Amino acid sequence: MITYLQLAWEFFKTGLFSVGGGLATLPFLYSMSAKTGWFTMMDISNMIAISESTPGPMGINMATYVGFTSFGIIGTFLAPLSLVLPSVIVIILVAKILDRFKESRLVANVFSGLRPASTALIASAGISVALMALFHTENFIGLSGLSAVFNYKAILLAVVMYIAIKKFDKHPIVYILASAVIGILFQF
């Protein structure tokens with residue numbers, strides 16, 4: 001029972017403070033991984049890949065993944081519900097009072113302050129994902145072993161996909177599927 005409460009509490013906190021969407025939840029997931037041991041850093045990269053490849057909000061998909069893999073069917077429902085609960089509470093409160101305070105300078109300043117914080121959370125998550133995908137930092141043993149740090153296949157794929165995205169105007173699912181097939185064929 002205590003682990004279900006801990007799961008709910010961890011995702012409630014994540015939902016409360018990860019302003020900016022699914023990628024903004026990543027710093028909280030890194031912290032949760034280190035604190036609880038429910039999943040590894042490699043699991044997080046798998047979560048990102050699965051969450052980006054499946055329909056629905058990324059944060060919800062990742063919460064569902066963690067809930068299911070760590071706590072089974074109950075976790076499948078508890079983690080995403082706990083993640084969205086703060087948003088539901090805030091939306092209800094804001095809807096009730098925003099009409100009264102929508103012209104308030106304080107409210108405008110709060111929203112202005114949230115934008116850079118959201119940008120920083122998303123940028124931090126993006127940089128972390130890029131480092132995890134393109135480099136094997138665990139192989140760094142000094143300048144002599146520098147070549148072992150680069151994930152050449154992933155770097156090449158990223159460059160090819162970037163060029164393809166700029167050159168061809170295709171739906172994002174085409175690039176996701178192409179990357180998945182390439183990953184399978186070349187055993188990333």
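Select glutamate 10 first: leaving aside residues up to four places away in sequence, glutamate 10 touches Met32, Lys35 and Trp38, where contact means heavy atoms within 4.5 Å. The model is predicted, so local features need pLDDT of at least 70 and side-chain atom pairs count only at pLDDT 80 or more, whereas totals for chains, interfaces and linings use all residues. Residues are numbered from 1 along each chain as its sequence is written, and side-chain values use heavy atoms, with hydrogens and water left out.

Glutamate 10 belongs to helix 1; helices are DSSP runs of H or I with at least four residues, numbered from the N terminus. Is glutamate 10 buried or exposed? Its relative accessibility is 6%, so glutamate 10 counts as buried (under 20% relative accessible area; exposed is over 50% and partly exposed in between, with a 1.4 Å probe and protein chains only).

Next, select tryptophan 9 and phenylalanine 12, which lie 3 residues apart in helix 1 (residues 2-17), about one turn of the helix. Rings of Phe, Tyr and Trp (its six-membered ring) pair if their centres lie within 6.5 Å; planes under 30 degrees apart count as stacked, over 60 as edge-to-face and the rest as tilted. The count by this rule is 5 aromatic pairs. Tryptophan 9 and phenylalanine 12 form a stacked pair, 6.1 Å centre to centre with 15° between the planes. Tryptophan 9 is partly exposed at 48% relative accessibility, and phenylalanine 12 is partly exposed at 22%. Elsewhere, ring pairs link Tyr4, Trp38 and Phe71 into a cluster.

Of its 19 residues, Phe11, Leu26, Leu29, Phe39, Ile44 and Met62 touch the most other members. Helix 4 gives the largest share of this core, 7 residues. Beyond four places in sequence, phenylalanine 11 has contacts that include Leu29, Met32, Ala63 and Val66.

Finally, display the contact between helix 2 and helix 5: Leu26, Pro27 and Tyr30 in helix 2 meet Leu121, Ser124, Ala125, Ser128, Val129 and Met132 in helix 5.

Note on methods
Helices (H or I, at least four residues) and strands (E, at least two) are DSSP runs, numbered from the N terminus. A nonpolar core is a set of buried Ala, Val, Leu, Ile, Met, Phe, Trp, Tyr and Cys residues joined through side-chain atoms within 4.5 Å.
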